[in-house]
Amino acid sequence: MLLFFRIQPIKKIDVNPYATVSIKGLGIDPLPKKVKYSVYEDRDGQLVNGNYIIKGNESKNMISIFIKINDNSLVKDIVNVFDKNNAKVNLIVSNLNNINEYISYVKNGHYVLYSGESNKDLKEFKSTLNLENNFCISLYNNSTLDNCFKNNFYVLKTNNIYKDNILYNTKANLEKGEFYVFYENKNTLEEISALIKFIKGKN
C-alpha cells in the first residue's frame with residue numbers, strides 16, 4: 001500500500017513540474033511512502049526541489065514519534081521501551097558523536113534524522129549512515145533548512161514539540177498523520193511507554 005505525505009511549500013513558483021518519488025523508513029510503518037514535490041524558490045531566490053513534509057501515514061491512521069537526542073544518556077533506555085512495545089522511533093541528531101550507536105538503531109528498524117547546523121556533519125551523516133532516503137527535521141533553526149535542501153534531504157516540520165508532559169500534550173493534540181517530537185529526558189522516559197500503549201489503544 002502506498003502512503004502519502006502532506007506538504008507545505010517554501011514559496012511555490014510553478015505548479016506544473018510535479019514528480020513522484022518513493023521514500024522509505026519514516027515513522028512506525030515500514031512500508032514505502034510517496035511524496036509529490038515541485039520546484040520552489042528559497043529565501044535567496046535559488047530554485048530547489050524542496051518542501052516541508054508536515055504529515056504522513058494519514059491513510060493508515062498512524063502518527064510518527066521523534067526523540068530529539070540531547071546528551072545521549074537516555075537514548076538506549078528510550079529505544080528499549082519502543083522495542084518492548086513493538087514500535088519504531090525516529091531519532092533526531094544534531095552531531096555525529098555517537099554515529100556507531102545510531103547505525104545499530106537503524107539496523108534494528110529505527111530511523112535517524114539530522115537537525116544540526118553543520119553542513120560538513122550533514123554530508124558525513126549522509127555518507128556514513130548510507131540510508132535509502134535522508135531526512136532532516138526543522139525545529140527552530142533555519143540554517144538546518146538551507147543545508148538540507150542544498151544536499152537533497154527531505155525536510156520535515158512540526159509544531160508538536162514537547163519537552164515535558166508528553167502524555168498529556170499528545171493526548172490533547174492527537175491527530176492521525178501528525179509528527180510528534182519529544183526531548184530525550186527523564187520525563188519522556190517515564191511517560192513514553194504509557195503513551196505508546198495509549199496510541200495503540202486508539203488503533
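# Close-up views of a predicted model

The chain has six helices and 13 strands. The model is predicted. Of its 203 residues, 50% are buried. Among contacts with a separation of 6 or more, 61% join residues 24 or more positions apart.

**View 1. Confidence along the chain.** The mean pLDDT of the chain is 75. A value of 70 or more is reached by 72% of the residues. Helix 1 (residues 75-84) has the highest mean among the elements, at 96. Strand 3 (residues 12-23) has the lowest, at 32. Across residues 1-49 the pLDDT is below 50. This stretch still has 135 contacts in the model beyond near neighbours in sequence. Where pLDDT is low, predicted coordinates should not be read in detail.

View 2. An α-helix has 3.6 residues a turn, so residues three or four places apart point the same way.

**View 3. The loop after helix 1.** Asn-86 sits in the loop between helix 1 and strand 8. Just after helix 1, Asn-86 takes a positive phi of about 55°, although this residue is not a glycine. Most residues other than glycine have a negative phi. Is Asn-86 buried or exposed? Its relative accessibility is 67%, so Asn-86 counts as exposed, the cut-off being over 50%.

**View 4. Helix 2 and its cover.** Which residues of helix 2 (residues 99-107) are buried? They are Ile-99, Glu-101, Tyr-102 and Tyr-105. These residues lie on the same side of helix 2, because they cover an arc of only 155° around the axis. Asn-100 and Lys-107 are exposed on the other side. Elements covering the buried residues include helix 1, strand 8 (90-93), strand 9 (111-114) and helix 3 (119-129). Just after helix 2, Gly-109 takes a positive phi of about 95°.

View 5. Ile-99 is found in helix 2. Its relative accessible area is 16%; Ile-99 is therefore buried, the cut-off being under 20%. Leaving aside neighbours within four places in sequence, Ile-99 is in contact with Thr-128 and Leu-129. Thr-128 is 29 residues from Ile-99 along the chain. The C-alpha atoms of Ile-99 and Thr-128 are separated by 8.1 Å.

**View 6. The loop at Asn-152.** Asn-152 is found in the loop between helix 4 (142-150) and strand 11 (154-157). Phi of Asn-152 is positive, near 60°, in a residue other than glycine. At 61% relative accessibility, Asn-152 counts as exposed.

**View 7. Asn-169 in helix 5.** Helix 5 (residues 166-172) holds Asn-169. Which residues does Asn-169 touch, not counting those up to four places away in sequence? They are Tyr-162 and Asp-164. Tyr-180 is eleven residues from Asn-169 in sequence. From C-alpha to C-alpha, Asn-169 and Tyr-180 are 9.9 Å apart in space.

**View 8. The largest pocket.** Rolling a probe the size of a water molecule over the atoms shows where empty space is left. The largest pocket holds about 320 Å³ of space. Its lining has 15 residues. Asn-61, Met-62, Ile-199, Lys-200 and Asn-203 lie nearest the centre of the pocket. Which helix gives the largest share of the lining? Helix 6 (residues 186-201) does, with three residues. By class, the lining has eight nonpolar, three polar and four charged residues.

Technical notes
Residues numbered from 1 in each chain as written. Predicted model: local features only at pLDDT ≥ 70, side-chain atom pairs only at ≥ 80, totals over all residues. Heavy atoms only, no water. 1 Å grid on protein atoms, 1.4 Å probe; cavity = no way out; pocket = protein on both sides within 12 Å on 5 of 7 lines; lining within 4 Å. Points joined across faces, edges and corners; volume = space filled by probe spheres on them. Helix = DSSP H or I, 4+ residues; strand = E, 2+ residues; numbered from the N terminus. Nonpolar A, V, L, I, M, F, W, Y, C, P; charged D, E, K, R; others polar. pLDDT = per-residue confidence, 0-100. Contact = heavy atoms within 4.5 Å. Buried < 20%, exposed > 50% of the residue type's maximum accessible area, 1.4 Å probe, protein only. Arc of directions from axis to C-beta.
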